[in-house]
Amino acid sequence: MLEKKRILLIVSGGIAAVKVPDLIRRLRERGASVRCIVTKGGAQFVTPLSLAALSGEPVYQDLFSLKDESEMGHIRLSREADIILVAPATADIMAKMVAGMADDLATTALLATDKPVMIAPSMNVMMWTHPATQSNLQILKDRRVEVVGPGAGDLACGEVGDGRMAEVLDIVGALTQFFQKREHKGGLVGVRALVTSGPTHEPIDPVRYISNRSSGKQGHAIAASLAELGAHVTLVTGPTHEPVPNGVQVVHIETAAQMMNACRTALPTDVVVCAAAVADWAVDGANGSKIKKSGGKMPALKLTENPDILASLSQPGPQRPGLVIGFAAETDNLLENARAKRAAKKCDWIVANDVSIGTGTFGGDSNTVHLVTAEGVEEWPTLSKRAVAERLAARISAHIQRHR
Ligand code: CTP
């Protein structure tokens, strides 16, 4: 999505400017070109030289630099971009944007542009919550300025609360989503999608169960991204703390058997994404009453294998969805196991992710995946789970357009 996109990055004077080099690196990794304007304040936190080295472009600082004006006027600078990103955006630059001030190169470029603008606010919690900043934020939103973050956490000033600039991967995700919405808007209108998400709980007795560490973040994000592209989405989910995405029809289940039934009821559908971490085993003859301890004697749990929902939905037949996508959660031999899973379960695509301890995939916010299809393996960069979902939804949309 960011391939060949031209981003004019305005770096204003906040401590979060130290994250900008990483942001530039991540954007360029994804094929975007980045040109920087740095304010006087911004240059206190990050050197123009490092921005120039990382972006591979000159860095613009002065409104009245003869050199800049002869080579690249501020108007051209602001028009030759696909989007202007202000990161970090201080309370000061937000106020200047609202007032239409143009007292330096950054504010002049923002006033002279006809391109979309995104801001990543970053400031002290009191400055962020101040009515002046909140009212400026509302005015900017009303003017269709895109806003990413801020998040909550420890702030550089020693206080805790809202005001931390959004994480670099979330800014990248917001840009991706912005371009995706613009280019693929409505790409899945009229398409029915079924998504499974979260873990399942397999009861041992009325108070205990077998489960796993799945958070449901990835599956829920996929359901949200498909719905954003216009799909009619049914989300069948095990117990999670994730909010139900807007515009998605949700079916809550607990066990693998219930998930299977809910999926069958949701057929026919055009696309299925099985992102749930379905428990592999259920307890055979789970007890109707609580198992009591009995003097050190261990209860014997007899396990029985759960139905494989992905394999069952992939079976050839009139009800088979046109595109069936599974996940492969692996700790060893990722690609080998993913390819084997694709063949064994007869699904069309497998999203392979490494869930070893240390990767932070289970429960975490980012994911590094490979997409395994009949054509081969695509290695995707590390993305937030939201960005993985958006990219997958865009791929699904492109596939469906091609096969319509
Ligand atoms: N899956 C499913 N039903 C099951 C088990 C798995 O639908 N009973 C789906 C998952 O949603 C995922 C894919 O199958 O899309 C692979 O799941 P994974 O846990 O990686 O593999 P398993 O099939 O459980 O095999 P193993 O645990 O041996 O790796």
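This briefing covers a cavity and a sheet in one structure. The model is predicted. The structure contains one cavity of 30 Å³ or more. An open sheet is built from eight strands with mixed pairing, and helix H14 packs on that sheet.

**The cavity**

- The volume of the largest cavity is about 40 Å³.
- Its lining is made up of Gln-177, Gln-180, Lys-181, Ser-225, Glu-228, Leu-229, Glu-390 and Ala-393.
- Helix H9 (168-184), helix H10 (217-228) and helix H14 (385-403) are the elements that each give two or more residues to this lining.
- H9 gives the most, with three residues.
- By residue class, the lining has two nonpolar, three polar and three charged residues.
- The largest cavity lies between domain 1 (6-181) and domain 2 (187-283 + 299-403), because both domains give residues to its lining.

**The sheet**

- Strands of a sheet pair through backbone hydrogen bonds, either parallel or antiparallel.
- The strand order here is S13-S12-S9-S14-S17-S18-S20-S21.
- Strand S13 (248-252) and strand S21 (376-379) are the edge strands, and each pairs on one side only.
- On average, neighbouring strands of this sheet are turned by 15° against each other, direction ignored.
- Strand S9 (residues 192-197) and strand S12 (residues 232-237) run parallel and are joined by six bridges.
- Val-195 stands opposite Leu-235 in S12.

**Helix H14 on the sheet**

- H14 touches strand S14 (271-274), strand S17 (323-330), strand S18 (349-354), strand S20 (369-373) and S21.
- The direction of H14 makes about 165° with that of S18.
- H14 is also one of the helices that give two or more residues to the lining of the largest cavity.

Conventions:
Residues are numbered from 1 along each chain as its sequence is written. This is a predicted model: local features need pLDDT of at least 70, side-chain atom pairs count only at pLDDT 80 or more; totals for chains, interfaces and linings use all residues. Side-chain values use heavy atoms; hydrogens and water are left out. On a 1 Å grid over the protein atoms alone, a cavity is a set of points where a 1.4 Å probe fits but cannot get out, and a pocket is an open set with protein on both sides within 12 Å along at least five of seven lines; lining residues have an atom within 4 Å of a point. Grid points are joined across faces, edges and corners, and a volume is the space filled by probe spheres set on the points. Helices (H or I, at least four residues) and strands (E, at least two) are DSSP runs, numbered from the N terminus. Ala, Val, Leu, Ile, Met, Phe, Trp, Tyr, Cys and Pro count as nonpolar, Asp, Glu, Lys and Arg as charged, and the others, Gly among them, as polar. Domain bounds come from an automatic or database domain assignment. Two strands pair if DSSP finds at least two bridges between them. Axes are lines fitted to C-alpha atoms, for helices over the stretch in contact, and angles run from 0 to 180 degrees between N-to-C directions. Contact means heavy atoms within 4.5 Å.
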